[in-house]
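Welcome to this short tour. Please open the structure in your viewer and follow along, one selection at a time.

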Amino acid sequence: MRPIRIALTKGRLEKDTVGLFQKLEYDCSELLNKGRKLILSVPDANLEVVLAKAADVITYVEHGVCDLGVVGKDTIMEYGGSFFEVTDLGFGKCQFALAGEKGKDFYEGYSVKTIATKYPNVTRRFFEGKGMDIEIVKIEGSVELAPLLKLSNAIVDIVETGSTLKENGLEVFEYVAPISARMIVNTASVKLRKQEIESFVEKIESVL
Amino acid sequence: MRKHYNITPEGTRDLLFEECGAQKKVENILSDVFKNRGFTEVITPSIEFLDVFNLKSHNFPNEQMYKLVDTKGRIIVMRPDSTMPIARLVATRLKGHPLPIRLFYNQPVFTLNQSLNGRSDEVVQSGIEIIGSSSKRADLEVIATAVEALNSCNTTDFRLEIGHIGIFNTLVEALGVDYDVVEEIRWLIEVKNYPALNDLLDSIEDSDCTGMLKQLPRLFGGEEVFETASKMFNNSKITEILEYLKTIYHALSELGLHEKITVDLGIVNRADYYTGMVFRGYIEGFGENVLSGGRYDHLISEFGCDLAATGFGINVDAIARALLKQKVDFGNKIPDVLVHAENGYEMKALLYCKDLIKQGKTAENSVFEDLSQAEAYAKQKGIKQIDIISEDVTLRMVK
């Protein structure tokens, strides 16, 4: 039987997940000395680990080439997709927030506001919920620059401690949604390999 | 402007040789299964009015339909689903027809998928509908046909899961919350998002129902699910539904299928017309369901004819792809003989070909003027024998 394949979001979520594996006393030697390899095995847990960028984790799980995935709620909210979102892993905690220049009233005036963000879908939905038309500018790098350069009235971005905002004279106007790492599962895998996947998820949940 | 004459639109593709063979093979197998069980084929138009898919109780997501405009300015869509056109057909063309009506179809459906997500916009679906019967036997017949269909295709391992939309409906009805909240709960159960589901239900007044809804997405697996569920739910309507599913499950077990059948009480499709038992099929190596179906007792009444119905559709493309991986023979043959006519004997060659075919051989009539070209062609294509037609017939093996 082929091993269960899990896609991890490279970086912090990967480290935290490997931490969970270590708590479960899995053999993580390959994961800790991975070099440039992208598919790694955890032999004693009959597990194969794939390292990928956040949005790709969703793609791999959606198409069923990976059975499970660990990805941030921010990515899930932005990209959507069809999969089961079974567990809140509790790490990688932060917030989606609407932020802008300190002391300004964001909602002031009638003019349509411009929002800079890396997350156009999340932003669109948030303001649609308020019945508010806005203009979105997609930014790839430091979003905080946009209001400083007067390209936008505000930003929607991930805020952890808020120190970047503070240093640049910005502040949070409003929180949009809390974020943390989630375990996602392919919809067919869960039916075809129920036992293995359930017991794996339970083990992970037991060390959270 | 850049012209796109040498690629196909995103989400579509050409099927060549064995791909095409696999597709046709699956279509033929399924057609045989359905015909042998007394279903008759129908074909509905590739385009329909938008209104067919935009009903009161059910509408297909607008942004997922390919749209056109007819000469009167009315919106036409490329059929995104076959069941709704068949409901239209039954309510209009087959009014007064003896019941039940057993139909099958095999035709593409079109969905406008999000760009770059690797899904096909055109998918061939094959399926059946039993119309005009609300009996348990009809449900059983449909499921048994579904199992037979998946079995006959001889793909990898498959699973069929059964559920019932009535459990969810009963629970949310008792909850007495707004439509939007119901849809939110439905969505969270469908994607098995346990954390968010719990949060949402905790925000609603605590009752038996919220507790039961929390458990719903976890209730899937084998026969044990019935026991767990019956302990959990103390509602007569739900008990009845569980009993119903259990008899179906046992009936299928009697067919020796208990390993293939699972139960999932958390099937609660958002955009569906289903009203009773629902089921889905999965095969190894395809990340989504390949078969989905169930009972839809109110759909046809939207077209003006109150008839109960049940049925399912299979994703033919997905099964064909699974078959391709198994290197099955798809009936694309190299001809046994290349028949080459010398000048003036073309008609004789045609008759000779016909003769060979009658004998059960595959014979290709050479279109080359020159024998040496014909020989080179046969060699390249792997045809083992050339029959040269002049006054006599000369058989020559290709080296």
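How many residue pairs are in polar contact across the interface of chain B and chain A? The rule finds eight, with both residues of a pair at pLDDT 80 or more; a polar contact is a pair of N or O atoms within 3.5 Å, where within protein one must be able to donate a hydrogen and the other to accept it, and residues adjacent in sequence count only if both atoms are side-chain atoms.

Before moving on, note that this is a predicted model, with local features needing pLDDT of at least 70, side-chain atom pairs counting only at pLDDT 80 or more, and totals for chains, interfaces and linings using all residues. Residues are numbered from 1 along each chain as its sequence is written, chains are lettered from A and ligands numbered from 1 in the order in which they are written, and side-chain values use heavy atoms, leaving out hydrogens and water.

Next, select the contact itself (heavy atoms within 4.5 Å): chain B brings 20 residues and chain A brings 19 residues. On the chain B side, seven of the residues touching chain A are nonpolar, five polar and eight charged, where Ala, Val, Leu, Ile, Met, Phe, Trp, Tyr, Cys and Pro count as nonpolar, Asp, Glu, Lys and Arg as charged, and the others, Gly among them, as polar.

Now zoom in on A:Glu62 and B:Arg119. They form a salt bridge, with the closest N and O atoms 3.3 Å apart; the term means a side-chain nitrogen of Lys or Arg within 4 Å of a carboxyl oxygen of Asp or Glu. Between the two chains, the count is three salt bridges.
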